[in-house]
Amino acid sequence: MSKRVLCPLFLLCIPAIGNIFIDGVNWNLFDFLIMGSLILIFSNGINLVLLSQRSIQYRVTVIGVLVILFLIIWIEFAVGILS
């Protein structure tokens, strides 16, 4: 497995440090597992689009949709906007 695949998981250092120093951040192991899997799925999807498609317009459109979908799922888990 390429090291490049796991690099987006370093984003999880932000809430991990927040858990240690800030009382308002309260993540448990389940939260880290869910967010880590979301980050891996969407970053690998973006990487797949970048490697397989040549059209810039198609790349921008699909990556934009993936980013919006990621944000909607993240916001739903955080505050429950859809329920």
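1. A residue is called buried here when its relative accessible area is under 20%. By that criterion, in this predicted model, buried residues make up 19% of the 83 residues in the protein.

2. On the overall fold, the protein has four helices and zero strands, and reading along the sequence gives the pattern α-α-α-α. The radius of gyration is 15 Å, well over the 12 Å that the globule rule gives for 83 residues, so the protein is more spread out than a compact globule. The C-alpha trace spans about 45 × 35 × 15 Å along its principal axes.

3. On contacts and surface, residues 24 or more positions apart account for 45% of the contacts that have a separation of 6 or more. The protein exposes about 6500 Å², and carbon and sulfur atoms supply 72% of that area.

4. Helix H3 covers residues 29-52, and its 24 residues, at 1.5 Å a residue, should span 34 Å; the C-alpha atoms at its ends are 34 Å apart, which agrees with that expectation.

5. Which residues of H3 are buried? They are Met-35, Gly-36, Leu-38, Ile-39, Phe-42, Ser-43, Gly-45, Asn-47 and Val-49.

Definitions and conventions:
Residues numbered from 1 in each chain as written. Predicted model: local features only at pLDDT ≥ 70, side-chain atom pairs only at ≥ 80, totals over all residues. Heavy atoms only, no water. Helix = DSSP H or I, 4+ residues; strand = E, 2+ residues; numbered from the N terminus. Expected span 1.5 Å × (residues − 1). Buried < 20%, exposed > 50% of the residue type's maximum accessible area, 1.4 Å probe, protein only. Rg over C-alpha atoms; globule rule 2.2 N^0.38 Å. Contact = heavy atoms within 4.5 Å. Areas by Shrake-Rupley, 256 points an atom, 1.4 Å probe, with all protein chains shown as cover.
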